[in-house]
Amino acid sequence: MRKSKFYWALSDGWTMSGRSLKHIFREPESLLMAIGLPVAIMVMFVYIFGGAIETGTEYVNYVVPGVIITCAGFGSSLIAISVTQDMVGGLFERLRSMPLLPSSLMVGHVTGGFIRNAIATTVIFLVAILIGFRPSAGLLEWLGIIGLLALFMFSLNWLFVAIGLITKSVETANAATFPMLFLPYVSSAFVPTETMPTWLHAFADNQPMTPLIETLRGLLIGTPIGNNAWLTILWFGSLLIISFILSVVIFKRKKKE
Amino acid sequence: MKDSIISVQNLKKSYGKHTVLDGLNFEVERGSIFALLGENGAGKTTTVRILATLIQADSGIATIAGYDTHRESESVKQKISLTGQYASVDELLTGEENLVMMGRLNHLSSNTVKKRTAELLDQFELTNAAKKRVKTYSGGMRRRLDIAISLLASPQVIFLDEPTTGLDPRSRRNMWNLIQQLAKNGVTIFLTTQYLEEADQLADKIAVIDSGKMVEEGTAEELKRMIGDEKVELTFDNAKEFQQASELLQGQVSEVEQRISIPAGSPESLRKLLNTLHEHGIEPSSVNFRKPTLDDVFMDITSRKRKEQSVHA
């Protein structure tokens, strides 16, 4: 039975993705964490801080894009942990001694992470609607939202695959997930950046999360987008390419050790 | 004419200034069980990793079935399987799912995957646990599943890196039986171990390595013969009698345990020995016969080599 390399690459990626999918439902802790944490943050902001924050719209409408990004970012960062687990355990070694492209292992984690994220973000959207979120987006806007979120998730997924390949222990990989929990706070996710001190304002305005959130917000509730959409695609498109190349390079270097 | 399937010539590998392999040479005969015996850090795992194409040696040649493990690694991978020190099974999947997944990754047809999975579950006595998650398996079951996975693609050479480390004595015995069964089917088995008893039980040929160098090679019998014959061990309760006996007899004396070891020799020499003691009114508290174990061989070889090294240094 000889089939093309391309066929086997797809087949292996598919097999590994199937494994990651099984993991999502057999280890529901990480799915629950990926959903529970952002929901808690959302509820906290809407009901506790939201009343005091002046955003020009209903606060729940303002905050949803930020919560979605926090959710997706955190969800992606969990990939680092599972990649490290495979490296520390023997699976990675065994795959490398077999006649297949071991990079299918990475493909599996990226796809699995994407599906987990898709589930988590859907749940968050639903919870948001339950607590009063009323988006004005039409079909085209929703397609845009899905496209942008997919770009965001895939670029982060590959970034965290790279991080998972570098880290030597599961604990370190765990620590690598924390920045993703905090980065959205220093953006326009929860409060308008103008309310921050000047130096922080400058950082918040120019970090990649802000144009992404502004674009999502514009698509969801019709606030002006300006050139944020292009900035977002530029930022996360580059991140996707860089992370992907980085992962492949680190992966190949592992072989020579 | 010997038919060797693995051939290693002057293999060297270092990490920075730390030399792990320092010119290793050996041959493994097709269909045999070969044991690489050494302490932790002797270079066992590094050797296996080079042979299994995971890492590259700094210099030297390693071939499997005639293929170079570095330049022709794709062909080598078709012939081998590796079971590492840590069971590389997926805890969240069931035993059966693990086999099916790895079967697919081995690019077997779906019929073959199904057939091999059922066969291997049966052969490794895992049929009852097939639908249970590996998380619930015992250490011995995990190891069995791990080895079952490595057999999916019917490899010619199986690398087992410390296959019984961390197993309880009964699981270890079972693993030994299993390895012997595999060898009967004509597969070549390359195992590493730090247990001399294991090498003694299983291996057709044993290579003792220390600090990345081969220190001795041979069958278990050959290695034991180097250490010499069966010994009689005489132990004494009385310190004075022990002193007296150690002056009379020519043997290895252990002051702490008040014990004297003497080559057993013939029944005649044994009778003389006991008579001599009797004539002097000395009664040993116990008399034991002891066959040399591989432990003796190992201790003897490694300490001798180290002494030589320190003399040269």
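Student: Is K22(A) buried, partly exposed or exposed, and why?
Tutor: K22(A) counts as partly exposed because its relative accessibility is 34%. Buried means under 20% relative accessible area and exposed means over 50%, with partly exposed in between (1.4 Å probe, protein chains only). This is a predicted model, where local features need pLDDT of at least 70 and side-chain atom pairs count only at pLDDT 80 or more, while totals for chains, interfaces and linings use all residues. Residues are numbered from 1 along each chain as its sequence is written, chains are lettered from A and ligands numbered from 1 in the order in which they are written, and side-chain values use heavy atoms, with hydrogens and water left out.

Student: Which side chain does K22(A) meet in a salt bridge?
Tutor: That of E97(B), at 3.8 Å from N to O. A salt bridge here is a side-chain nitrogen of Lys or Arg within 4 Å of a carboxyl oxygen of Asp or Glu. The pair crosses between chains, from helix 3 (residues 95-105) of chain B to helix 1 of chain A. Helices (H or I, at least four residues) and strands (E, at least two) are DSSP runs, numbered from the N terminus.

Student: How many salt bridges are there over all chains?
Tutor: The count comes to 21. One of them joins R19(A) and D86(A) at 2.9 Å, N to O. R19(A) sits in helix 1 (residues 5-26) and D86(A) in helix 3 (residues 59-88) of chain A, 67 residues apart.

Student: Are those two buried or exposed?
Tutor: Both R19(A) and D86(A) are buried.

Student: What about K131(B), which side chain does it meet in a salt bridge?
Tutor: K131(B) pairs with E96(B) at 2.7 Å, N to O. K131(B) lies in the loop between helix 4 (110-123) and helix 5 (139-150) of chain B and E96(B) in helix 3 of chain B, so the pair ties together parts 35 residues apart in sequence. K131(B) counts as exposed because its relative accessibility is 66%, whereas E96(B) is partly exposed at 25%.

Student: New topic: in what order do the four strands of the open sheet in chain B come?
Tutor: The order is 12-13-11-14, with antiparallel pairing. Two strands pair if DSSP finds at least two bridges between them. The edge strands, strand 12 (252-254) and strand 14 (286-290), each pair on one side only.

Student: And how many bridges join strand 11 to strand 13?
Tutor: Five, between residues 231-235 and residues 259-263 of chain B. T235(B) has R259(B) as its bridge partner.
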